[in-house]
Amino acid sequence: MAKTEVILLKNIVGLGAESDQVTVAAGYARNYLIPQGFAIPLSAANKKRLEALRKRRAEREAQELNTMTELAASIGKLVCKITVKTGEDGKMFGAVTSGTIADELKNQFAIALDRKKIHLESPLRTLGEHEVELRLHPDVTARLKVLIESSTPLPSPEELAAQAAEARARRGARGGETAKAEKAAAKPEKPAAPAKSEAPKGKPAPEKKAK
C-alpha cells in the first residue's frame, strides 16, 4: 500500500496533533485528510507553513491550559446535586454515571464537559456525598463534590425517634385496654342470693284430732 507524508492542520485522534508530520496511506490522505482540510501534503512550499502552525498550536495549547486551570479552580468550589429514586430502605434504583454528572454540570452550572473527562472507577450507587475526579487536561485535574439525594428522603433521626415513641404509646394504650378486658373476664361472678320464701299470711288452721 502506497504511503505519503502530510502535515496535520488539526488534531486527529489516533494520528497526531496540529503541525505534526505523519505518514499515512496515500488514499486516506488523498480522499479524506486533504479534501476535508485536516492536512496538507508535505512539500517544500508547505514546510514554510510549519513555523506558523507550530506557533498557533503553542498559543492554543497555552490558552487551553489556562482555561482548564481556571475551570478546575471553579469546579473545586461547586457541589453538584443529583436527585434519584430510592426504595423504602433507602437503596437507589439504578446508578449515577459519568454521563449523568456531565448532564447535571451543564444543567446546573452551564459547564459543558465531555463525559470521558469524568473519571469514575464504577457508577455511584449510594446516597450521600462523593468526590469525583475530573481529568480536564493532561496537566490539570479537578475534584468535584457530587451530592446524591433521594426524591423520597428517609425520616430524620428526630422524626424516627418521635415515630417510635408514638408507636410505643399506642402499643401501651392497647395493652392497658387488653389487660383490663382480660382481668374483667377472669374475675369470678358473685353467686346470686337465694330467693327469700314468703312468710305465710295469718295463723295456720289447727289440725283436727282423730276420734
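Biologist: How many bridges join strand β1 to β2?
Modeller: Five, and β1 (residues 3-8) runs antiparallel to β2. Two strands count as paired if DSSP finds at least two bridges between them. Strands (E, at least two residues) and helices (H or I, at least four) are DSSP runs, numbered from the N terminus.
Modeller: This is a predicted model, where local features need pLDDT of at least 70, side-chain atom pairs count only at pLDDT 80 or more, and totals for chains, interfaces and linings use all residues. Residues are numbered from 1 along each chain as its sequence is written, and side-chain values use heavy atoms, leaving out hydrogens and water.

Biologist: Which residue is the bridge partner of Lys-3 in β2?
Modeller: That is Ala-25.

Biologist: And what order do the strands of the open sheet have?
Modeller: The three strands go β2-β1-β3, with antiparallel pairing. β2 (21-25) and β3 (39-41) each have a single partner strand, so one side of each lacks a neighbour in the sheet.

Biologist: New topic: which residues touch the most other members of the largest nonpolar core?
Modeller: Ile-75, Ile-101, Leu-134, Leu-136, Leu-144 and Val-146, out of 25 residues. Such a core is a set of buried Ala, Val, Leu, Ile, Met, Phe, Trp, Tyr and Cys residues joined through side-chain atoms within 4.5 Å; buried means under 20% relative accessible area, exposed over 50%, partly exposed in between (1.4 Å probe, protein chains only).

Biologist: Which strand gives the most to this core?
Modeller: β7, with five residues.

Biologist: What does Leu-144 touch?
Modeller: Leaving aside residues up to four places away in sequence, its contacts include Ile-75, Leu-105 and His-130. Contact means heavy atoms within 4.5 Å.
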